[in-house]
Amino acid sequence: MTTKAAHKITLVPGDGIGPEVTAAVVSILETAGKSEGVTFDWHTYDAGADAFAKTGEYIPKALYDSIEQNRVALKGPVTTPIGGGFSSINVTLRKKFDLYSNFRPVKSLPGLVTKYPGIDMVIFRENTEDLYIGLEVMINPDIAQSLKIITRKGSTRIAKSAFDFARKLGRKKVHAIHKANIMKLSDGLFIKCCKEVAAEYPEITYAEHIVDNTCMQLVMNPYQYDVILTENLYGDILSDLCSGLIGGLGLVPGANLGAECAIFEAVHGSAPDIAGQDKANPTALLQSAVLMLHHIDEPVVAEKVQKALEAVYAEGKTLTRDVGGTSGTKAFADAVIAAL
Ligand code: ATP
Ligand code: MG
């Protein structure tokens, strides 16, 4: 066994349950890497309220520089301060590094009893435009306006990500999700771009579903979906819905991908209701780390971690409360480490 150079990775533990799930994931990755000669050099930074208290900035410049240099980050959830002049920290990072593609695989874990066994779908959420750009004004004290921006460039590149993924992984269907019957111009442009891209992938079935109908369809028969391609806001809502199909927000990972950098983070937020109580499920961040391991070309370690995680679910003895168990975050992480 030869030891390779350590992977330099920017680590943002975040706040709320962030530090707990991050500590669990780091310990699992270090153990998994060790026997394969793979090591990590974590460059750790605060973001959000903690960072503001220390540096006077919600996102310290040193964090930006670190992501720019390392080109890969693993990030826990960060609470967005409500009110005040600062927009979401997550959204700011995605915009700053032009991480236009938010990739969220939704796959059932073995042994977990849910209403929908054997789910395996993928969401591609546009990550840089739509109502998420946060362009809002008060027209007068009684009228607020939010601007929804959809561009040809943004729509075409997210559609390409979804179709490239489908082609590479042999997925059969892509559904573009929209509300173009009401937002004829913005969502109209989005599906126009999706349709144009679809024409370049004749082997993949392309369909368009309206977002409200999609919510009903997902609950009635989620198996009809394979790859979901959608705008930013619908993607946010559909991701939480889809996480519910497989057992909740504690499970679903995510990758924010751009041309230069990638930030891996769970779909869930900082869950202040259970923070600091050793109750959080680290699975979502751990599966995000598995996506990261593939991204940095460590498929052996990635598979090892995923197998150990699945073994713990299949056994079903050491699960966290959100999925019906009684174990804490640390005990769950120890079980995964033991299964490695
Ligand atoms: P955001 O606006 O940042 O997306 P949110 O409003 O969607 O946040 P979350 O923080 O994701 O909310 O939490 C929603 C619910 O899911 C909470 O009850 C929380 O406890 C639960 N939850 C979220 N993540 C986890 C986790 N990793 N383990 C267990 N429960 C979780
Ligand atoms: Mg949410």
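View 1. The protein has eleven helices and twelve strands. These are DSSP runs: H or I over at least four residues for helices, E over at least two for strands, numbered from the N terminus. The C-alpha trace spans about 55 × 50 × 40 Å along its principal axes.

**View 2. The largest nonpolar core.** This core holds 88 residues. Its members are buried Ala, Val, Leu, Ile, Met, Phe, Trp, Tyr and Cys joined through C-beta atoms within 7 Å. Leu229, Ala289 and Val305 touch the most other members. Helix α9 (residues 283–295) gives the most, with eight residues. Domain 1 (1–112 + 247–340) and domain 2 (115–119 + 129–245) both contribute, so the core lies between them. The domain bounds come from an automatic or database assignment.

**View 3. Contacts of Leu229.** Neighbours within four places in sequence are left out. Contact means C-beta atoms, placed from the backbone, within 7 Å. Leu229 contacts Phe124, Ile158, Ala159, Ala162, Val174, His175, Ala176, Ile177 and Cys194.

**View 4. The shell around ligand 1.** Gly250, His268, Gly269, Ala271 and Asn281 come nearest among the 15 residues around ligand 1. Each of the shell residues has its C-beta atom, placed from the backbone, within 6 Å of the ligand. Eight are nonpolar, five polar and two charged. Ala, Val, Leu, Ile, Met, Phe, Trp, Tyr, Cys and Pro count as nonpolar, Asp, Glu, Lys and Arg as charged, and the others, Gly among them, as polar.

**Notes.** Residues are numbered from 1 along each chain as its sequence is written, chains are lettered from A and ligands numbered from 1 in written order. In this predicted model, local features need pLDDT of at least 70 and side-chain atom pairs count only at pLDDT 80 or more, while totals for chains, interfaces and linings use all residues.

Definitions and conventions
A residue is buried if 20 or more other C-beta atoms lie within 10 Å of its own, exposed if 12 or fewer, and partly exposed in between; C-beta atoms are placed from the backbone. Two residues are in contact if their C-beta atoms, placed from the backbone, lie within 7 Å.
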